[in-house]
Amino acid sequence: MKKIKKYKRFERFWHWGQAALILFLAVTGFEVHDSIHIFGFEKAVMFHRYAAYALLLLIGLAIFWHFTTDEWRNYIPTLKNIRAQLRYYTVGMFRNEPHPTLHGRWQKLNPLQIFTYLAFKILIVPIVVLSGLLYMFHKTINANDVVIISDIDLSVIAAWHTFGAFILVAFIILHVYMTTTGDRPTSNIRAMVTGYEELETKSDESEDETPSEPKAEVIATEGGEL
């Protein structure tokens with residue numbers, strides 16, 4: 001058994017901050033659509049807007065962090081081990097077989113997670129964010145009394161925003177379920193809270209499964225984390 005540092009401090013802050021904001025946006029969004037009643041319509045609209053600005057700021061910080069720390073390399077798509085990963089999710093994990101993908105400095109995600117999170121980052125989030133911005137600034141008047149956005153029908157923008165929001169909620173439900181597929185049902189959540197993950201050392205790992213360099217980073221302290 002070895003203990004590896006999997007998630008840095010900012011990464012954990014970004015993950016949980018993003019989760020909290022998305023859930024709050026979902027709650028206030030449902031209230032704006034009159035599906036639930038907690039804050040009242042006007043406050044729900046105001047809170048939804050403030051939370052959207054906070055999420056945009058957090059996304060900007062996360063993009064900056066990914067590129068300044070090279071963490072973007074964890075999202076490079078690969079087909080390596082994808083069949084083994086598919087078999088693990090459909091058969092292996094129900095037989096308590098070992099996880100087919102190792103974890104290392106540049107291998108935090110398995111091949112299926114990479115494609116899933118790429119879809120989240122370059123498809124789902126842009127749909128929600130862009131439709132939300134169009135919604136907020138629709139027919140907004142600037143300092144020169146010029147209408148900034150008015151050519152797109154507001155009902156079309158609202159439909160896209162709602163569509164994106166429902167996909168986002170579906171992604172979160174799937175994401176929460178997938179957190180239970182680690183070595184133990186709570187191991188992935190614990191790793192995202194503490195930053196560390198315990199992995200069993202396997203002596204019969206094939207060379208093909210060994211991550212390319214640099215190899216798994218075993219860290220005993222939190223010193224030097226960003």
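**Helix packing, core and pocket of the predicted model**

At 53% relative accessibility, Asp-34 counts as exposed (exposed means over 50% relative accessible area, buried under 20%, partly exposed in between, with a 1.4 Å probe and protein chains only). Asp-34 belongs to the loop between helix 1 and helix 2, and its phi, near 65 degrees, is positive although the residue is not glycine. Asn-81 sits in the loop between helix 2 and helix 3 (82-90). In contrast to the exposed Asp-34, Asn-81 is buried, its relative accessible area being 14%. Most residues other than glycine have a negative phi.

The structure is a predicted model, in which local features need pLDDT of at least 70 and side-chain atom pairs count only at pLDDT 80 or more, while totals for chains, interfaces and linings use all residues. Residues are numbered from 1 along each chain as its sequence is written, and side-chain values use heavy atoms, with hydrogens and water left out.

The protein has 226 residues, of which 36% count as buried. Its secondary structure consists of 6 helices and 2 strands (DSSP runs numbered from the N terminus, H or I of at least four residues for helices and E of at least two for strands). From the N terminus, the order of elements is β-α-α-α-α-α-α-β. Of the contacts (heavy atoms within 4.5 Å) between residues at least 6 apart in sequence, 70% link residues at least 24 apart.

The largest nonpolar core contains 23 residues, and those touching the most other members are Trp-14, Leu-55, Tyr-75, Phe-120 and Leu-168 (such a core is a set of buried Ala, Val, Leu, Ile, Met, Phe, Trp, Tyr and Cys residues joined through side-chain atoms within 4.5 Å). At least two residues of this core come from each of helix 1 (9-32), helix 2 (41-68), helix 4 (111-136) and helix 5 (154-178). With neighbours within four places in sequence set aside, the contacts of Phe-120 are Gln-18, Ile-22, Val-125, Pro-126, Leu-168 and Phe-171.

Helix 1 also packs against helix 6 (residues 187-194), at an angle of about 115 degrees and with the axes 8 Å apart (axes are lines fitted to C-alpha atoms over the stretch in contact, and angles run from 0 to 180 degrees between N-to-C directions). Helix 1 contributes Arg-12, His-15 and Trp-16 to this contact, and helix 6 contributes Ile-189, Ala-191, Met-192, Val-193 and Thr-194. By class, the contact comprises 5 nonpolar, 2 polar and 1 charged residues (Ala, Val, Leu, Ile, Met, Phe, Trp, Tyr, Cys and Pro count as nonpolar, Asp, Glu, Lys and Arg as charged, and the others, Gly among them, as polar).

Leu-134, in helix 4, is partly exposed at 28% relative accessible area. Its C-alpha atom is 9.0 Å from that of Ala-158, a residue 24 positions away along the chain.

The lining of the second largest pocket comprises 31 residues, and Leu-25, Gly-29, His-48, Val-128 and His-161 are the closest to its centre (on a 1 Å grid over the protein atoms alone, a pocket is an open set of points where a 1.4 Å probe fits, with protein on both sides within 12 Å along at least five of seven lines, and lining residues have an atom within 4 Å of a point). Helix 4 supplies the largest share of the lining, 8 residues. Helix 1, helix 2, helix 4 and helix 5 each provide at least two lining residues. The lining is made up of 22 nonpolar, 8 polar and 1 charged residues.
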